[in-house]
Amino acid sequence: MKAIRRFTVRPVLPDPLRPLAALARNLRWSWHEPTRALFDSLAPEGLRGADPVRVLGALEAPRLVALAADADFLARLSVAAEDLDGYLRRPRWYQERGSGDGPAALAYFSPEFGVAAALPQYSGGLGILAGDHLKSASDLGVPLVGVGLLYRHGYFRQSLGRDGWQQEQYPVLDPGELPVTLLREPDGTPARITLALPGGRSLHAQLWIAQVGRVPLLMLDSDVEENAPGERSVTDRLYGGGSEHRFLQELLLGIGGVRAVRTYTRLTGHPEPEVFHTNEGHAGFLGLERIRELQGEGLDFDAALETVRAGTVFTTHTPVPAGIDRFDRALVARHLGDDGALPGLDTGRVLALGDETPLGGEPGVFNMAAMGLRLAQRANGVSTLHGAVSREMFAGLWPGFDTGEVPITSITNGVHAPTWTAPEVGRLGADASDAELWELRRTLRTRLVTDVRDRLRASWRQRGAAAAELGWTDSVLDPDVLTIGFARRVPSYKRLTLMLRDKDRLRALLLHPERPVQLVVAGKAHPADDGGKKLVQELVRFADDPRVRHRIVFLPDYGMEMARGLYPGCDVWLNNPLRPLEACGTSGMKAALNGCLNLSVLDGWWDEWYEPEFGWAIPTADGAAAADEERRDDLEAAALYELIERRVAPRFYDRGADGVPVAWTAMVRRTLADLGPKVLADRMVREYVERLYVPAAAARRALTPDRARELAAWKARVRAAWPGVAVDHVEIGDDLAEAGAELGATPVVRVRVALGGLSPDDVEVQAVTGRVDADDTLADTRTSGLKPAGGPDLGGPAAVRGHPGARPHRPLRLHRPRAARPSAARPPRRAGPPRPAGGPGGRGSRG
């Protein structure tokens, strides 16, 4: 007889063991080795390494009684509990910054969070990045509140058919088995938030809290009895369902997420967030909910928009338009009008926020990234290269700007070291010898080989193989062979099968008699992506070949648990995306923290921090070769084979008399010492705090209701007058025009500007100098503000003049002065908030 429903029975812990519950419910155990060791010592047979909630649930009453009388165990428990208490209460980096200008609280919204394998609410890099952001914020004491959804089926579990075709399963997740608690009202009833839907329907959600160290993660769950079946399934699967289902998820995440934060702060006394950070466009509707709140406090739409923008940060993670969520405008209008979730908001103004036509898009489509950028005063990409790509990709939202001036900065992603670094690597001293370092690498490789064999046997059993035909798996991989790892999602641009372009050459590398190579490959294709599934199948079929199956394996169901062993156990981490389509790509960072060398296309973070001491750069095709996809992939695959054969493998196998590859271990040492500190999420979160969160909080505090109204009115006036603003006439000193510039010269520039009804205090005129290339494009530029030389004559042009300073010892040429631009994002002659970054929410703040 099969069960129709599962219930998790939680043990009643004896008083001496009560601290175990707090330790199990705080996900700090997922990156705190002593706490994991404590629970491993309790785990019954077969549950070693399992999450503490499961371990506690499996303990029988006699075992609990014995533990409660075990003085040695109680002493260890007391140390662990005191350590957690100190971690939660003691001031950390954020509290010790000294300036006191940071926000009292921040809300961080993401559609997925990869905190721990025990809470499978992630699909790939976006979620893992969000989880690492929360964990590092906790370690640093940053007062973050995470906001997401609780998916009752999570992301799918992957297995393989006999023919290598990907298969998906969606196991039901019982919150009772997860490290989460239900938020309740004072009377004990579950806290609820509600969204109105068209046709008199409602979408209700309850709130689960996962405690990530010091950071609460709020997760909305629509699987409640008050909902009709359609609404109840909104949070069923991560990235599942059709367009309307996805839209409802994002409506719940954005609008419902803000309401969840308000409910949480009301019930717990937690400070209200001053800054809202949107991790990609999925949660962009949060800005509209905050506008609705402010309109209820007496602001009009424009003043509310300025207030919301001041305190909003938007991070884009995609380098291609196809990666952005887009919805039919009619769908958006129907759900956000007076019959929907945001009554009282001007639907036309809302739709304008998602207009993608300035980006060359379609007029009938609502673009979530466009809305996210229009609602945020501060925006960033996730690597230096991605920031440049994003400025070009979204330049249409800032018409008239040079691409380099589009106000999208970059903060390169990082990874949470305690989560992804093998404990043995963390304990390795800086004075470790080459022999000790090499022995550790072999230990980690051996552990990976054992894990791979176990996983491979389990996969083949799922594929229908009998135990009697799997004896060959005992010799899969070799602890002494150069091991290359490749694991990630399987969209086409990541090119899972680039390594298969020349199968004969790959076989020769795998079976080389003196310098063999072995490959460990993993990755999931989206359930709806048959193209990605075909790539998985092609790789699996190659790996099934008896000639090479001891040297290459595909492991299904890639996730955090697998990754924690894969990164330390590999010698080289392979990444070969189409440049520049990898926004950042953090898997190689995790590998580097364990002394694994990178072999990658110069894309994402590797483009920024590559050095020959850290690994190898795969050359990319350019020019005509890049335009021909087949030729491009052939060329880049050939370059990959050449690197492995001529440079990577020889260095790994070039051993000294003691059997240690000195040149290889030197690269490992440099990677750990010099690259490791750069790729940390602690560095990333500090950058967010100093460069984005603190300025956003200051801007938000400065915008009182009256000043928000003044700013909105001023912008409206500038926008209306801007078509009449122009540079009428430019004069450069006669001596410069006739004889050319001399080093150290400071020529006078005079400009006459038509102000179109604005006053001189509304604008600034700038002259830009720099080097000029053959196309008359300026580089190495320097900007100088020009000063008024006289007031406007009855609305006529104003005169300005100045000295665009020349840099010593550098011959410079003058460029035509920029058109007049607004001098600040505030009404003239008034102290006001910091100047916003411009954009569709702030057009007129720049020229």
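Helices (DSSP runs of H or I, at least four residues) and strands (DSSP runs of E, at least two residues) are numbered from the N terminus. The structure described here is a predicted model, in which local features need pLDDT of at least 70 and side-chain atom pairs count only at pLDDT 80 or more, while totals for chains, interfaces and linings use all residues. Residues are numbered from 1 along each chain as its sequence is written, and side-chain values use heavy atoms, with hydrogens and water left out.

Q518 lies in strand β16, which spans residues 517–522. Burial is judged by relative accessible area: buried means under 20%, exposed over 50%, and partly exposed in between, with a 1.4 Å probe and protein chains only. By that criterion six of the six residues of β16 are buried. V517, L519 and V521 point one way from the strand, whereas Q518, V520 and A522 point the other way.

Q518 has a relative accessible area of 0% and is therefore buried. Its side chain reaches the backbone oxygen of D478 at 2.8 Å. This is a polar contact, that is, a pair of N or O atoms within 3.5 Å; within protein, one must be able to donate a hydrogen and the other to accept it, and residues adjacent in sequence count only if both atoms are side-chain atoms. Contact in general means heavy atoms within 4.5 Å. Not counting residues up to four places away in sequence, Q518 touches L477, D478, V481, L482, T483, I484, L510 and R551.

Two strands pair if DSSP finds at least two bridges between them. Strand β15 (residues 482–487) pairs with β16 in the parallel sense over six bridges, and V521 in β16 is the bridge partner of F486. From β15 the chain crosses through helix α18 (residues 503–510) to β16 in a right-handed β-α-β crossover. A crossover is right-handed if, with the strands pointing away from the viewer, the path from the first strand over the helix to the second runs clockwise. β16 also pairs in the parallel sense with strand β17 (residues 552–555), over four bridges; here L555 in β17 is the bridge partner of A522. Together with helix α19 (residues 530–544), β16 and β17 make a right-handed β-α-β unit.

**Nonpolar cores**

A nonpolar core is a set of buried Ala, Val, Leu, Ile, Met, Phe, Trp, Tyr and Cys residues joined through side-chain atoms within 4.5 Å. The largest has 79 residues, of which F109, L220, L251, L252, F285, L288 and L336 touch the most other members. Helix α8 (residues 243–268) supplies the largest share of this core, 10 residues. A second, separate core of 48 residues includes V521, L535, L597 and F652.

W420 lies in helix α15 (residues 417–420) and counts as buried because its relative accessibility is 2%. W420 and W31 are 389 residues apart in sequence, yet their C-alpha atoms are 8.3 Å apart in space. The side chain of W420 makes a polar contact with the side chain of D132 at 3.0 Å. Leaving aside neighbours within four places in sequence, the residues in contact with W420 include I128, M560, R564, Y567 and N594.

**Salt bridges**

Side chains of opposite charge can pair when their charged atoms come close. A salt bridge is counted when a side-chain nitrogen of Lys or Arg is within 4 Å of a carboxyl oxygen of Asp or Glu, and the count comes to 60. Three of them are listed below.

| Salt bridge | N to O distance |
|---|---|
| R152 and D221 | 2.6 Å |
| R262 and E293 | 2.7 Å |
| R709 and D706 | 3.0 Å |

R152 and D221 form a salt bridge that links distant parts of the chain: R152 is in the loop between β2 (144–149) and β3 (157–160), and D221 is in strand β8 (residues 215–221), 69 residues apart. Both R152 and D221 are buried.

R262 and E293 form a salt bridge between helix α8 and helix α9 (residues 286–296), 31 residues apart. R262 is partly exposed, with a relative accessible area of 24%, whereas E293 is buried at 19%.

R709 and D706 both lie in helix α27 (residues 705–721), three residues apart, about one turn of the helix. R709 is partly exposed at 34% relative accessible area, and D706 is exposed at 52%. Elsewhere, salt bridges that share partners join R152, D221, D223 and R232 into one network.
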